[in-house]
Each structure stands twice: as structure tokens, then as C-alpha cells.
Amino acid sequence: MFGMPVKAVMGVLLMALTVQLAMGSTEAAANEEKHGFQAEVSKMLDIIINALYTNRDIFLREVISNASDALDKIRFLYLTSPKTPKNKDGEEPKMDIRIKADKENRILTIQDGGVGMTKEDLVAHLGSLGASGTKNFAEKMKESNDAGLIGQFGVGFYSVFLVADEVRVASKNDDSEVQWVWKSKADGEFFVYEDPRGNSLGRGTEIQFEIKKDAEEYLDAGKLKEIAQRYSEFIQFPIYLQVEKTEKVKVEKEAKEDEEKKEDEEGAEKEDEEEEEEEFEDVVTYEWELLNENKPIWQRKPEDVTEEEYNSFYKAISKDYRDPMYKTHFSAEGEVEFKSLLFIPSKSPSEQWDMNKEVKNIRLYVRRVFI
């Protein structure tokens, strides 16, 4: 390992840490506290897993939205009561969201540095729901299998079971000295126990998914990037994805042994040796790629946005290399309040008259999340 590049070593350590929690779960089995899901939650899980099977992408949208809310909450709390928590390694939690996939062990990890949860919070928030909200969700689902309903009724977290056989949630809150783990297989019960790794987060939440065999596409960096940018491109906190890079690195020749370097004592002339070709090897490294560089300029006042910013924003969302022909930026107030930004392309798209192509030129964002 000492001969490996620094990035490669860091990548190996990160993957080792991912596997550690799975091992730690076994070690903590004796201290696991068993709980049963609220009856309404069990019904809702059955609806989500069975009725929304073909709309599994929304799980990532919901988890990222929850992480953003947690970060927003801790930022607000620290305005009046600032703190500087650190994990067991002396590192402060970061105000961002990080996604990484371990294909070998089929583990997807999403971590944030938000407010985190205590043991009581984990039991209350992940084990039960207000019966009325769940009942309304169930009734609406009977009328329409619309995945968008998940976010409206506050049951977004449970969409993780669309892609995972088991889910583990490690969380650390400033009000608790202990980092706790919540885990479940959506089989009617869940377990809560002290994290055997100790305080690895400092503050925040880490969710690990044991991905189902038929959902392994969600371990692909390209797939995760596409979903995150589609739904969560304008989340106000940075979203990072761990990506794998393969680089060609020159192989350093080992120093020849002394006896091989020793010159011919008799002074015989050496034959000319052909130059040896340089050898290279593939070295895998891991880097964090920022997924949400674009900003929601529609939330700003028109007079505060430059023409260059409008053009840059248009090109980013439309993938058009030309500037728009026209734009309008306005807001409406009344029973329904919204802010709108409309662009007209400088040239009609080539597929304009293709009646078989579905056109999606209108996008609705609620709290910066694509709906």
C-alpha cells in the first residue's frame, strides 16, 4: 500500500470504511434494541414497494432532499448557538452531501453533515408516522400510482426500500454523546443500537443501502449522477459523488543489484544495449465530483441577474450551445405564488415535428427539487 498513489490509498480506506459498518452490525447484535413499525407504516411500506416498483429513481431525490433539510436546520441552529463538533479523528463535519458506491459489496452510502438524530429521534421519525398523513397517502395512492406523492406526505425516506434489501442509518446529534444506528429490512421491525465504530461522523447522518440484485444499476456512478442532476441540481448545499479514475502511471524500475552493476574487471567493452521501452500500469484512484454547480437564478430578482448568467443558465439546462433568442423572468402572487423563467431558443429543435417524441420543456421545482 505504501507504494500506491495517495488518492488510491484514500480510495481503499474509504471502501474499507464502507464495509466496516456492515461488519460492525454483526458485532453489535447483542446490543440491538428491537422495535416494531407502527401499523400504518407497515401498510405504507407495502404500498411503496409494490405499487411504485417502476419509479425507483425517486429514492435518491428523497434522500438528498432530507439531507438538504438537515443541513439547512443545523445552519439555522448554529446562527444562535454555534458549535464545533468533531469526530473521533478530530475532523469537523462538512456542510455537504456525499454519495459513494461499493460495487463489490453492493453498498451505496449517502452522508451529510446535517443536524443528525438522537436515539429517540431515530425511533420516532423512522419507526412511526402520523396516522392521518399515512392514511391520506394510502388513499391517494389508490387513485394514482404517482411517485410524486411520496414527497408530499413526508414518507420519502421509506422509498429507500425500493432499491435496498436492508438499510442502515448511522446518525450523530449534538445533543447525544453517542452515535446510533437504525437498521431494517422493511419486514415489520427495526433495530437500534450504539454504533460500534464510535463517533465517526462528528455530526450528521450516514445511510447505507444493501442494494437489491435487480437494482445494481444504482451502484453505477453514471446512473447516480444522472438522477442527482435531474432532481437535485439546484439544491443549495454541495452534492459530491465519488468517481473512479484510471490513470496510466510509469513503472519505476528497481535499482539493479550491485553485482549486476559492477563493471567488467577485465575492462572488456560492453555491447550496446537497446533502449528499453517505458512501462506503464493502470492505477485506480477515487475523486469527489461536484454534481450541482448550477444555481437557481430564477429565485433572484431580474435586475440582479446579468445577461451572461441568463445565457449560461440556459445552455446548462437545455444543452444548447447557442444563446436564447428571448427570455422573460417574472413572479406571480395570489392564491398561488411562483417565480418563473422562460426561454425561447434561437433555433427550432430538429425533432420539433416528431410526434412520437415526448417533449418536456416545462419543469416545476418545489424548494429547489425537481417535481
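## Ground rules

Buried here means under 20% relative accessible area, with exposed over 50% and partly exposed in between (1.4 Å probe, protein chains only). This is a predicted model, in which local features need pLDDT of at least 70 and side-chain atom pairs count only at pLDDT 80 or more, while totals for chains, interfaces and linings use all residues. Residues are numbered from 1 along each chain as its sequence is written, and side-chain values use heavy atoms, leaving out hydrogens and water.

## Helix H7

Let's start with H7, residues 221–232. Its buried residues are Leu224, Ile227, Ala228, Tyr231 and Ser232. Among the elements covering them are helix H3 (58–80) and strand S8 (239–250).

At the start of H7, a side-chain oxygen of Asp220 comes to within 3.1 Å of the backbone nitrogen of Gly222.

## Asp57

Asp57 sits in the loop between helix H2 (39–51) and H3, and counts as buried at 14% relative accessibility. Leaving aside neighbours within four places in sequence, Asp57 is in contact (heavy atoms within 4.5 Å) with Tyr218, Lys223, Ile227, Arg230 and Tyr231.

## Gln236

Over in the loop between H7 and S8 you will find Gln236, partly exposed with a relative accessible area of 30%. Not counting residues up to four places away in sequence, Gln236 touches Asp72, Arg75 and Arg368. Gln236 and Glu293 are 57 residues apart in sequence, and their C-alpha atoms are 9.7 Å apart in space.

How values were computed. Helix = DSSP H or I, 4+ residues; strand = E, 2+ residues; numbered from the N terminus. Expected span 1.5 Å × (residues − 1). Polar contact = N/O pair within 3.5 Å; in protein donor to acceptor, adjacent residues only side chain to side chain.
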